[in-house]
Amino acid sequence: MTTSALKNGLMPSGLVSNLEQVLLRRKVGAATGEGQHKPDKDDSPALSSSSSNSGGAAADLDSSKPIVLVTNADGIESPGLTSLVDALVQLGIYNVHVLAPQSDKSVAGHSVTLRDTVAVTAVDIQGATAYEVSGTPVDCVSLALSGALFSWSKPLLVISGINRGSSCGNHMFYSGVIAGAREALLDGVPSISISLNWKTNESQESDFSGAASVCLPFITAAIRDIEKGIFPKCCLLNLEVPTAPLTNKGFKLTKPSLWRSTLSWNAIPANRNVAASRFLSNQQSLGFQLAQLSRDASAAGAARRFTTQKKNIEVVESVGVAGKSDPNRTVKYFRLELLEKKQEEEDEDLDFRALNNGFVAVTPICLPMHEHEDIRSAASEWISTALHENH
């Protein structure tokens, strides 16, 4: 494929430019032998040279320094990520690699991109090797650990954060920042997630720098003990930093609470839903439109195939590519809002209680297979009783 062929294909100019750069890098790599992986003599992790990347993302790799992978959920340009990476780079003792979502994925949970192609673009972050990914936090970590992007697959530590907003309690199930750390744990890599208890009209972006400086000694201690082999292997550690980071009362070991915001769904009139799209960026709006067209086309095609196969079943066809709607089909619109909820739990060792009291809450989060033995025993007893009663 030539660049002239790309230009004549009526493709977006930005995509054409990206493809031209990829083709150019391949030609340079073929001529110089660059990009061919050669194992280091000491088998230490190393990143393939990417000095030809147009983004200039690759920093010099010192094989004597441990590799730390940083991701987040708020997106590559978020101040939390920038503050954390800056703090790590300034120490000068780590090879810092960044793989973060292109856009905000704060409530993506542990979702992955399965049927769409994920784009990875080099970005410039001083002192670090950095890429933005058109996917979720879990995509970022999974890709980094796969060996498909980097020549290494096992960094010493994965850090996910710093998130704008608390991830305490049951919010961990929605949290993209915790999911990034959890994915590393699933792959056997030690991980830490960090969130700042952001308060609207009270917090400011400089608080992220404060949160990074507060967490840095903890991160350093974790890396030291990982190298010694004494860091916990069956859990990730979730750090919740109070609203005023620099006046915190210290680190406190906490337990997961049942805290969560109230999920409030509000009906939106159809005419207001159309107007609401103006609040989206052009790129987001276009993305949603294309996604909707794809879903509608798939649904219409499936309906037609199903009708052909089952003549005796009446099927109402979905809105098609041409935009023809069924007048008998009612479409309703809803918008989700997270509302603050008063917490009834009084245990001072719970994550949100310690956080609200000014402590940096440190909560071990285990994988399901590492649940406490008493929980397993209780479940086992119930299952045995239930099966016995059904026979």
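**Salt bridges**

I began with Arg 164, which is partly exposed at a relative accessible area of 34%; here buried means under 20% relative accessible area, exposed over 50%, and partly exposed in between, with a 1.4 Å probe and protein chains only. Before going on, I noted that this is a predicted model, where local features need pLDDT of at least 70, side-chain atom pairs count only at pLDDT 80 or more, and totals for chains, interfaces and linings use all residues. Residues are numbered from 1 along each chain as its sequence is written, and side-chain values use heavy atoms, with hydrogens and water left out.

Which residue does Arg 164 meet in a salt bridge? I found Glu 205, at 3.9 Å from N to O. My criterion was a side-chain nitrogen of Lys or Arg within 4 Å of a carboxyl oxygen of Asp or Glu. This pair links distant parts of the chain, 41 residues apart: Arg 164 sits in strand E5 (residues 157–164), and Glu 205 in the loop between strand E6 (191–196) and helix H6 (206–228). Helices (H or I, at least four residues) and strands (E, at least two) are DSSP runs, numbered from the N terminus. Glu 205 is partly exposed too, at 48% relative accessibility.

I counted 5 salt bridges in the structure. One of them joins the side chains of Arg 224 and Asp 225 at 3.1 Å, N to O. Arg 224 is partly exposed at 43%, while Asp 225 is buried at 18%. I also noted Glu 348 with Arg 353, whose closest N and O atoms are 2.8 Å apart; Glu 348 is partly exposed at 35%.

**Helix H5**

Next I turned to H5 (residues 176–186) and asked how many of its residues are buried. The count is 10 of 11, which leaves the helix mostly covered.

I checked both ends. Ser 175 caps the N-terminal end, with a side-chain oxygen 3.3 Å from the backbone nitrogen of Val 177. After the helix comes Gly 188, whose phi is positive, near 80°.

**Strand E11**

How does E11 run relative to E7, parallel or antiparallel? They run antiparallel and are joined by 6 bridges, with Leu 237 partnering Pro 364 of E11. Strand E8 (residues 251–253) runs parallel to E11 and is joined to it by 3 bridges; there, Lys 252 has Ala 361 as its partner.

**Nonpolar cores**

Last, I looked at the nonpolar cores (sets of buried Ala, Val, Leu, Ile, Met, Phe, Trp, Tyr and Cys residues joined through side-chain atoms within 4.5 Å). The largest has 40 residues, and Val 70, Leu 88, Val 98, Ile 194 and Ile 219 touch the most other members. H6 gives this core its largest share, 11 residues. Apart from it lies another core of 15 residues, among them Ile 67, Tyr 131, Ala 144 and Val 158.

Methods
Polar contact = N/O pair within 3.5 Å; in protein donor to acceptor, adjacent residues only side chain to side chain. Pairing = 2+ DSSP bridges.
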